[in-house]
Amino acid sequence: MNTKISAKDFFLHLGTIVTFYASVVALISLLFQVINVAYPRITDGYQYYFPSISLQVATIIVAFPLFLLMSWLLQKTYAMDPTLRDAPLRKWLSYITLFVAGAVVAGDLVTVIYMFLDGQELTIGFLLKVLALLVVAGGVFMYYLREIRNMITAGERTIWRAVAALVR
């Protein structure tokens with residue numbers, strides 16, 4: 001099936017994925033900053049400098065609501081024309097997101113195993129960063145895997161949005 005999409009649909013899909021990526025990157029960066037402050041590296045000595053989290057918070061405040069709005073508009077578009085769910089652009093962007101999330105999870109696990117095998121100390125801060133990446137990237141992977149298979153119900157989609165809003 002060859003589904004044609006309009007310029008509006010193209011930019012709506014593109015805007016949704018860009019705001020999603022911006023939100024996820026800002027969230028992970030914010031989590032890392034918080035972990036760095038809560039568990040500073042001993043080798044860094046005593047530092048009284050606390051890095052700013054303003055950019056991450058500003059990005060989340062702007063990008064995440066835009067992502068939710070564009071996702072909602074996409075869902076309305078899919079309800080009016082269900083064939084758009086099979087649009088190649090949507091499939092490509094979803095598979096790219098699955099690939100990136102899967103690569104982050106795999107890279108995260110490789111890093112932990114490498115650090116352990118190399119005899120490096122696995123600090124609380126490092127393990128919390130690993131956990132943050134696993135939870136965020138794993139959640140993205142699970143969501144998009146179910147999304148690409150059209151297995152997500154409207155109620156489940158609402159639950160995912162609520163969880164994402166609470167995490168942010």
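Predicted model: local features only at pLDDT ≥ 70, side-chain atom pairs only at ≥ 80, totals over all residues.
Reader: OK. Where is the place of Thr77, then?
Author: Thr77 sits in helix α2.

Reader: Is Thr77 buried or exposed?
Author: Buried. The cut-off is under 20% relative accessible area, and Thr77 has 10%, so Thr77 falls on the buried side.

Reader: What does Thr77 touch?
Author: Setting aside residues up to four places away in sequence, Thr77 touches Asp9, Leu12 and Leu84.

Reader: Step back. How many helices and strands are there in the protein chain?
Author: The protein chain has five helices and zero strands. Read along the sequence, the pattern is α-α-α-α-α.

Reader: What does the C-alpha trace span?
Author: Along the principal axes of the protein chain, the C-alpha trace spans about 60 × 35 × 30 Å.

Reader: And which share of the 168 residues is buried?
Author: Buried residues make up 33% of them. The accessible surface of the chain is about 10700 Å². Carbon and sulfur atoms hold 73% of that surface.

Reader: What about contacts with a separation of 6 or more?
Author: Of those contacts in the protein chain, 78% are between residues 24 or more positions apart.

Reader: Aromatics next. How many aromatic pairs does a search of the whole structure find?
Author: Six aromatic pairs. Take Phe20 and Phe67: their ring centres are 5.1 Å apart and their planes are at 40 degrees, so the pair is tilted.

Reader: Where do Phe20 and Phe67 lie?
Author: Phe20 is in helix α1 (residues 7-38), while Phe67 is in helix α2 (residues 54-80), so the pair ties together parts that are 47 residues apart in sequence.

Reader: Phe20 first: buried or exposed?
Author: Phe20 counts as buried, at 9% relative accessibility. Phe67 also counts as buried, at 12%.

Reader: Which residues do the ring pairs link into a cluster?
Author: Ring pairs join Phe20, Tyr21, Phe64, Phe67, Tyr143 and Tyr144 into a cluster.

Reader: What sits over the ring of Phe32?
Author: The charged end of Lys129. That end is 5.5 Å from the centre of the Phe32 ring.

Reader: How far apart are the C-alpha atoms of Lys129 and Thr59?
Author: They are separated by 20 Å, with the two residues 70 apart along the chain.

Reader: Stay on Thr59. What does Thr59 touch?
Author: Not counting residues up to four places away in sequence, Thr59 touches Ala22, Ala26 and Phe64. Phe64 is one of the residues in the ring cluster. Thr59 itself is in helix α2 and counts as partly exposed, at 23% relative accessibility.

Reader: Val62 next. Buried or exposed?
Author: Exposed, at 52% relative accessibility. Val62 is placed in helix α2.

Reader: Now His13. Where is the place of His13?
Author: His13 is in helix α1. His13 is also buried, with a relative accessible area of 6%.

Reader: What is His13 in contact with?
Author: Leaving aside neighbours within four places in sequence, His13 contacts Leu74, Tyr78, Leu89, Arg90 and Leu93.

Reader: Where is the place of Asn150?
Author: In the loop between α4 (124-148) and α5 (154-167). Asn150 counts as partly exposed there, at 42% relative accessibility.

Reader: Last one, charges. How far apart are the mean positions of the positive and negative charges?
Author: The mean positions are 10 Å apart, for 13 positive and 9 negative charges in the protein chain.

Definitions and conventions: Residues numbered from 1 in each chain as written. Heavy atoms only, no water. Phe/Tyr/Trp six-rings, centres within 6.5 Å; stacked < 30°, edge-to-face > 60°. Helix = DSSP H or I, 4+ residues; strand = E, 2+ residues; numbered from the N terminus. Buried < 20%, exposed > 50% of the residue type's maximum accessible area, 1.4 Å probe, protein only. Lys NZ or Arg CZ within 6 Å of the ring centre and 35° of its normal. Contact = heavy atoms within 4.5 Å. Areas by Shrake-Rupley, 256 points an atom, 1.4 Å probe, with all protein chains shown as cover. Lys, Arg positive; Asp, Glu negative; His and termini not counted. Charge placed at Lys NZ, Arg CZ, Asp CG, Glu CD.
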